[in-house]
Amino acid sequence: MKKLIYSLAALATMSIFGSCDDFLTEEVRGTENLDTYFETADQVEQYVTGCYFQLVKGGGWWQVYNTWLLSDMTTDDMWDGNTTQEDGYLMTTHFYPTGQEQGILQNFWGARYQGISTCNLGIEKVAETTVVEPALRDRYVAEMRFLRAFFYFDLVRNFGGVPMVTDYSTDVTTVSRSTQAECYAWIEEELKAAAAVLPQRSQYSSSDMGRATRGAALGILGKCQLYQAGSNNPEKWAEARATLKTVIDEGQYRLLNNFGDVWSVAYNNSEESLFEAEQMYSDTYAVGGALTVVTGCRNGPGDGWSWGQPSSDLENAFLAMGDTERLKWSIIKTMCSEIAGEDRFDEVVSEANGNACSDGATGDKYKGYMADFDWTQEMFSTCYLIDPAQHKSARIIRKYYLPLEDRPEVYNIDKIPLNHRILRYADVLLMYAEACAETGQDGEAQNALNQVRNRVGLSNVNSTGTNLRDAIRAERRLELCNEQCRLYDLRRWEMSDGKKMMEHVFGPNGSFVLYNTGPDADMYERWNQIESSDKGIRFTAPRDLLYPIPLYEIQHSNGNIVQNPGW
C-alpha cells in the first residue's frame with residue numbers, strides 16, 4: 001500500500017502543472033490509475049516529468065528543502081537564525097545526541113525513498129513500452145535512472161550506507177542497509193549508464209531545458225567519486241579527475257561572466273548550470289520555490305521566516321580573501337547601504353525599517369540599537385535594517401533573495417520562480433582542481449582554480465602542494481556557500497593529524513566555537529543569545545560525521561536497519 005501511495009502521488013503531481021514555457025508544462029488533468037497508465041506516449045512523458053517533481057516538491061517543500069537548509073546550518077557558514085520561534089533544527093545543528101528524533105530528517109528520508117519508488121516503477125514500465133519510439137524510450141529511462149541515482153546520492157552523503165531498493169515490487173521492510181561503498185558503487189554504475197544515453201545540453205530544445213543531461217550525470221558521478229577519495233581510497237582521485245575532465249573537455253558549460261547572474265531568475269538553466277530543480281510561479285499550484293521566503297528577513301520586505309542566516313565567520317572568510325565581489329552577492333548584512341542587484345533599495349528600506357521599529361525612529365527599541373551598535377539616525381533612515389532582535393546574525397542569504405522587480409504577484413512559499421542550482425560548472429572546475437592537486441597535477445589544478453577566481457577579480461594562485469590544496473578548499477567555501485556543499489566538504493577533507501576538517505571546526509576546541517565564544521565574536525551574534533553562540537560545542541566524532549538514521553525507520557524496519565555509530 002505504501003508503494004502504491006508513492007506512485008499515485010507521483011501521478012497526481014504530474015497533473016498539476018499550469019502553463020509555463022519549459023518541459024514541466026502540462027495540461028491540467030485528473031489523476032490517473034496505474035492499471036490504465038503508460039498506454040500512450042503522452043502518459044509516458046507525463047510520468048517521467050512527474051519524477052522530476054520529486055527533487056524538491058514530492059510531498060511539500062519542507063521534505064527536501066528543510067534538510068538542504070539544515071546541511072548548511074550544520075556548518076560554520078550558517079546559524080539556525082530565527083530567534084522568535086521554536087527551533088525545529090536545533091537538535092541536529094547544535095549536535096545534540098537526540099538527533100535521531102529529528103522530524104526534518106525523517107521527512108527527508110521518506111521523500112527520497114518516495115522519489116526512488118516513483119523512479120523504480122517508471123523505469124520498469126517505460127522500459128517495456130512500445131508507445132514511444134526506442135530512442136526516446138531509452139532517454140526517458142536514462143532520465144529516471146539519473147534521478148534515482150541522485151536520490152540515493154543525497155541519502156548516502158547524509159546517512160552513509162542505506163537500504164538499496166531498486167525494484168518496485170520489493171518489500172522495503174525486508175531490506176537491510178548496504179555499506180556506503182556498496183551504495184556508491186551502485187550509484188556510479190547508474191550514472192555511467194545514464195550518461196551513455198542522455199543528450200548533451202546543446203541537443204535539447206529550449207522547451208526541454210532542465211531535463212537531465214549527459215553533463216549532469218557525469219558531474220554528479222565526479223562528485224560521488226570525489227566524496228569517496230582520500231587516504232583510504234586514493235584511486236578515486238584519479239577517477240574523479242578523469243570524469244570531471246570529460247565534462248570540461250566536452251565544452252557544454254561555461255562560467256557566466258558575472259557572478260551576480262549565477263542565482264538570478266533571469267539566468268535559470270544558464271550555461272553555468274549542469275542541473276537545477278525547476279521552479280515556476282503559479283497563482284494556483286505549488287510549483288515554485290520556497291527558500292527565498294524561508295530564509296528571508298522577518299521584518300521584510302515580504303513575509304520572510306529567517307531560517308538559515310550566514311555567519312560572521314563566513315563573512316570574515318570573504319574579507320580575509322579580499323573577495324568583496326562574491327561577498328556582496330552572498331550575504332546581506334544589517335545596516336548595509338545597498339543590496340547587490342536591488343534597484344528599488346529605497347522601498348526595501350522603507351518597508352523593512354518600518355516593520356522593525358513600528359513605533360518610529362525615536363522608539364525605545366531603536367534607541368537601544370543606537371547604544372548597543374553605534375547606529376546613527378542617518379543610518380536608520382538610509383540603510384537596510386535586519387532586526388537584530390529577530391535574527392541571530394542580522395544577516396540573510398543574498399543568493400536566495402529576490403529583488404522587488406523579480407517578485408511574483410503572490411510572493412509566498414511555493415510561488416518563487418528561482419530555480420535551485422544543484423550543480424554548477426564552477427563546482428566542476430573546483431572539484432577538478434582538487435582532484436588534480438591530489439594527484440600531483442598542480443598546473444592543471446591552478447588553471448581550473450584560477451578560472452573561478454579570475455571571474456571575481458581575484459589574482460592567480462601559483463602555489464603548489466599543501467598550499468594549493470588549502471587554496472582550493474578556501475575557494476570552495478566562498479564560491480559555493482549556501483549551496484549544500486560545505487557540510488560534505490568538512491566531513492571528507494582530511495587534515496594533517498588524520499582528523500576530518502569537521503573535527504577542527506567543531507567541538508569544545510573547534511575554531512568556530514572558540515571564535516564565537518571568545519573576545520572577537522561578532523557584535524550581533526554576541527548580542528543575540530536566544531540562539532546560543534556555543535553552537536558546535538557538543539560535536540562528537542565519529543558520531544556527528546553522519547546524520548543518524550531516523551528513529552522511526554529503525555523502529556519499523558523489523559530489525560533490518562542498524563543505527564549509525566554513536567547514536
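Colleague: In which loop does proline 301 lie?

Modeller: This is a predicted model. Proline 301 belongs to the loop between α10 (291–294) and β3 (309–310). The peptide bond that joins glycine 300 to proline 301 is cis, with omega about 5°.

Colleague: Where is proline 542 found, and what is the peptide bond from alanine 541 to proline 542, cis or trans?

Modeller: Proline 542 is in the loop between α22 (523–527) and α23 (551–555). The bond from alanine 541 to proline 542 is cis, and its omega is near 5°.

Colleague: Let us turn to backbone angles. What is the phi of methionine 335?

Modeller: Methionine 335 has a phi near 65°, which is a positive value in a residue other than glycine. Its place is the loop between β4 (331–333) and α13 (345–356). Methionine 335 has 10% relative accessibility and therefore counts as buried, the cut-off being under 20%. Aspartate 414 also deserves attention: phi is near 70°, again positive in a residue other than glycine. Aspartate 414 lies in the loop between β5 and β6, and because its relative accessibility is 14%, it counts as buried.

Colleague: Leucine 402 is in the loop between β5 and β6 (420–424). Is leucine 402 buried or exposed?

Modeller: Its relative accessibility is 1%, so leucine 402 counts as buried. 

Colleague: With which residues is leucine 402 in contact, leaving aside its neighbours within four places in sequence?

Modeller: The contacts of leucine 402 beyond those neighbours are Val265, Thr292, Arg407, Pro408, Ile416, Pro417 and Leu418.

Colleague: Which side chains does a polar contact join to that of aspartate 387?

Modeller: The side chain of aspartate 387 has a polar contact of 2.3 Å with that of tyrosine 369. A polar contact of 2.9 Å joins the side chains of aspartate 387 and glutamine 390. Aspartate 387 itself is in the loop between α15 (377–382) and β5 (395–397); at 0% relative accessibility, it counts as buried.

Colleague: Now the helices. How many residues of α2 are buried?

Modeller: An α-helix has 3.6 residues a turn, so residues three or four places apart point the same way. In α2, 10 of the 13 residues are buried, so this helix is largely enclosed by the rest of the structure. Among the buried residues are Val44, Tyr47, Cys51 and Phe53. Helix α2 (residues 41–53) reaches 19 Å from its first C-alpha to its last, close to the 18 Å expected at 1.5 Å a residue.

Colleague: At what angle do α17 and α18 pack?

Modeller: Two packed helices are described by the angle between their axes and the distance between the axes. Helix α17 (residues 442–455) packs with α18 at an angle of about 30°, and the axes are 11 Å apart. The two helices are therefore roughly parallel to each other, since angles under 35 degrees count as such. The crossing in which α17 passes α18 is left-handed.

Colleague: Which residues of α17 and α18 meet?

Modeller: From α17 the residues are Asp442, Ala445, Gln446, Leu449, Val452, Arg453 and Arg455; they meet Gly465, Leu468, Ala471, Ile472, Glu475 and Glu479 in α18. The buried residues of α18 include Leu468, Ala471, Ile472, Glu475 and Glu479. Helix α18 (residues 465–479) has 15 residues and spans 21 Å from first C-alpha to last, close to the 21 Å expected at 1.5 Å a residue.

Methods
Residues are numbered from 1 along each chain as its sequence is written. This is a predicted model: local features need pLDDT of at least 70, side-chain atom pairs count only at pLDDT 80 or more; totals for chains, interfaces and linings use all residues. Side-chain values use heavy atoms; hydrogens and water are left out. Helices (H or I, at least four residues) and strands (E, at least two) are DSSP runs, numbered from the N terminus. Buried means under 20% relative accessible area, exposed over 50%, partly exposed in between (1.4 Å probe, protein chains only). A polar contact is a pair of N or O atoms within 3.5 Å; within protein, one must be able to donate a hydrogen and the other to accept it, and residues adjacent in sequence count only if both atoms are side-chain atoms. The expected span of a helix is 1.5 Å times one less than its number of residues. Axes are lines fitted to C-alpha atoms, for helices over the stretch in contact, and angles run from 0 to 180 degrees between N-to-C directions. Angles under 35 degrees count as roughly parallel, over 145 as roughly antiparallel, 65 to 115 as roughly perpendicular and the rest as oblique. A crossing is left-handed if the near helix is turned anticlockwise from the far one by less than a right angle, and right-handed if clockwise. Contact means heavy atoms within 4.5 Å.
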